[in-house]
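Colleague: Please take a close look at one part of this model for me, the aromatic rings. Which rings pair up, and how are they arranged?

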Amino acid sequence: ITTNRHDYVIGDIMEAFNTDMFLQETIELSKMESFQLVRMQVFNWGTYSGLHDIEVHAKGHLIIGRSGTGKSTLLDAYSLATSAPQYRNYNAASNDDKARRDARTNMCYVRGAYAKVEQDGEEVTRYLREGSTASAILLTFKSSIGEVISLLVSLVVKGQSTEKDAL
């Protein structure tokens, strides 16, 4: 997390949110100003391979596309960076399809899950990234008085594991 006043290097972003210094600064900033998302960057997140840089216009941003083109994937990246795990609802657009919503995990996004196929009588998930890999999400917010805050989430998996605890 970077602000104009402090730099925080963190391994676990949720742990950093619970530090007294971070909370105190956030409370003080919120009294003075409001923040707006101005840029979203994803690297190897879901089916977005490589770096994708999205500038968000001050008047708003519309994400449109056909089913399966990655709209919810971007919203889930935002959710990971800004929400505690107990409040995170990946693929919230699929409220009526619990199985589809529950299938989305951090590991699926890091690996780039793109299809489920039947192989030898079993359902197998296909991934874009099968070996050691990393994903990152960077959200940049700007305040009404020009203060900039960036939230960075990075997830790394070594080897070929697809277990969620391997992150």
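Modeller: Start with a term: a residue is buried when its relative accessible area is under 20%. Keep in mind that this model is predicted. The structure holds three aromatic pairs. A pair of aromatic rings is described by the distance of the centres and the angle of the planes.

Take tryptophan 45 and tyrosine 109. Their ring centres are 4.4 Å apart and their planes meet at 15°. Planes under 30 degrees apart count as stacked, so this pair is stacked. Tryptophan 45 sits in strand 1, residues 35-45. Tyrosine 109 sits in helix 5, residues 106-111. The pair therefore ties together parts that are 64 residues apart in sequence. Tryptophan 45 is buried, at a relative accessible area of 0%. Tyrosine 109 has 5% relative accessibility, so tyrosine 109 counts as buried too.

Tyrosine 109 also pairs with tyrosine 90. Here the centres are 5.4 Å apart and the planes stand at 85°. Angles over 60 count as edge-to-face, so that is the label for this pair. Tyrosine 90 lies in the loop between helix 3 (71-82) and helix 4 (98-102). Tyrosine 109 is in helix 5, so the pair ties together parts that are 19 residues apart in sequence. With 9% relative accessibility, tyrosine 90 counts as buried.

Now put the pieces together. Ring pairs link Trp45, Tyr90 and Tyr109 into a cluster.

Notes. Residues numbered from 1 in each chain as written. Predicted model: local features only at pLDDT ≥ 70, side-chain atom pairs only at ≥ 80, totals over all residues. Heavy atoms only, no water. Phe/Tyr/Trp six-rings, centres within 6.5 Å; stacked < 30°, edge-to-face > 60°. Helix = DSSP H or I, 4+ residues; strand = E, 2+ residues; numbered from the N terminus. Buried < 20%, exposed > 50% of the residue type's maximum accessible area, 1.4 Å probe, protein only.
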